[in-house]
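This briefing covers fold, sheet pairing, aromatic contacts and nonpolar cores. Please look over the sequence and the structure before reading on.

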Amino acid sequence: MSAYKLSNLIRARFPVIYITTFEEDRVTKYIKSVVTDVKQVKFAREVFTWTQTNGLYNTTTSKTVNDTACPCKMLEFIRRYEKDAVFIIYDFYVNFGPKNRTPDYNCLLYTSDAADEARSV
């Protein structure tokens with residue numbers, strides 16, 4: 001995805017941009033470079049990353065957000081966060097039950113509700 005296309009999606013306030021990659025570090029650096037460049041996105045945004053093991057981490061302030069390792073708590077934090085920010089969520093698909101794994105139904109319901117709420121904004 002080009003920087004131009006990504007910056008357009010960010011400026012258009014798309015609630016979700018799904019990127020599949022094996023190069024997570026490289027893509028994370030690329031996204032950070034775009035969303036913090038005021039020439040591309042008009043104003044810089046904070047950048048958070050999330051993993052199931054570490055929870056949310058604010059890469060802008062270098063601080064971990066307490067009690068966000070649980071997917072539902074992470075989604076709740078995002079839902080309530082009032083500043084403009086980009087949340088990079090790693091390996092979230094495992095909560096949807098791929099390859100005969102049992103899905104996390106609470107997470108599915110919460111994700112569905114959050115998506116409906118994002119569409120109505």
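Two strands are taken to pair if DSSP finds at least two bridges between them. With that criterion, Tyr 57 stands opposite Thr 64 in β3. The model is predicted. Its protein chain has five helices and four strands, which follow the pattern α-α-α-β-β-β-α-β-α along the sequence.

**Chain overview**

- Of the 121 residues in the protein chain, 28% are buried.
- The accessible surface of the protein chain comes to about 8,500 Å², and carbon and sulfur atoms account for 53% of that surface.
- Among contacts in the protein chain with a separation of 6 or more, 46% are between residues 24 or more positions apart.

**The sheet**

- Strands of a sheet pair through backbone hydrogen bonds, in either a parallel or an antiparallel sense.
- The four strands make an open sheet in the order β3-β2-β1-β4, and the pairing is mixed.
- The edges are taken by β3 and β4, each of which has a single partner strand, so one side of each is left without a neighbour in the sheet.
- β1 and β2 (residues 55-58) pair in the antiparallel sense over four bridges, and a hairpin joins the two strands through three residues.
- Within this part of the sheet, Thr 51 stands opposite Gly 55 in β2.
- The antiparallel pairing of β2 with β3 (residues 63-64) runs over two bridges.
- β2 and β3 also form a hairpin, with four residues between them; in its turn, Ser 62 has a positive phi of about 60°.
- β1 and β4 run parallel and are joined by five bridges, and the bridge partner of Trp 50 in β4 is Ile 89.

**Aromatic pairs**

- A search of the whole structure finds six aromatic pairs.
- One of them is formed by Phe 48 and Tyr 81, which are edge-to-face at 5.2 Å centre to centre, with 80° between the planes.
- Phe 48 lies in strand β1 (residues 46-51) and Tyr 81 lies in the loop between α4 (71-80) and β4 (85-89), so this pair ties together parts that are 33 residues apart in sequence.
- Phe 48 is buried because its relative accessible area is 1%, and the cut-off for burial is under 20%.
- Phe 77 and Phe 87 also form an edge-to-face aromatic pair, at 6.5 Å centre to centre and with 80° between the planes.
- Phe 77 lies in helix α4 and Phe 87 in strand β4, so the pair ties together parts that are ten residues apart in sequence.
- With a relative accessible area of 23%, Phe 77 is partly exposed.
- Phe 48, Phe 77, Tyr 81 and Phe 87 form one aromatic cluster.

**A charge over a ring**

- The charged end of Arg 45 sits over the ring of Phe 43, at 4.3 Å from the ring centre.

**Nonpolar cores**

- The largest nonpolar core has ten residues, including Leu 6, Ile 10, Val 41, Val 47 and Tyr 90.
- At least two residues of this core are supplied by each of α1 (3-11), α2 (24-35) and β4, and α2 gives the most, with three residues.
- A second, separate core has nine residues, among them Trp 50, Val 65, Phe 92 and Cys 107.
- Leaving aside neighbours within four places in sequence, Ile 10 is in contact with Ile 17, Val 35, Val 41, Arg 45 and Val 86.

**Two loop residues**

- Is Val 16, at 62% relative accessibility, exposed or buried? Val 16 counts as exposed, and this residue lies in the loop between α1 and α2.
- The C-alpha atoms of Val 16 and Val 86 are separated by 9.6 Å, although the two residues are 70 residues apart along the chain.
- Thr 59 is located in the loop between β2 and β3, yet Thr 59 is buried, with a relative accessible area of 17%.
- Apart from neighbours within four places in sequence, Thr 59 is in contact with Lys 32, Val 47, Phe 48 and Thr 49.

Definitions and conventions:
Residues numbered from 1 in each chain as written. Predicted model: local features only at pLDDT ≥ 70, side-chain atom pairs only at ≥ 80, totals over all residues. Heavy atoms only, no water. Phe/Tyr/Trp six-rings, centres within 6.5 Å; stacked < 30°, edge-to-face > 60°. Buried < 20%, exposed > 50% of the residue type's maximum accessible area, 1.4 Å probe, protein only. Lys NZ or Arg CZ within 6 Å of the ring centre and 35° of its normal. Core = buried A, V, L, I, M, F, W, Y, C linked by side-chain atoms within 4.5 Å. Contact = heavy atoms within 4.5 Å. Areas by Shrake-Rupley, 256 points an atom, 1.4 Å probe, with all protein chains shown as cover.
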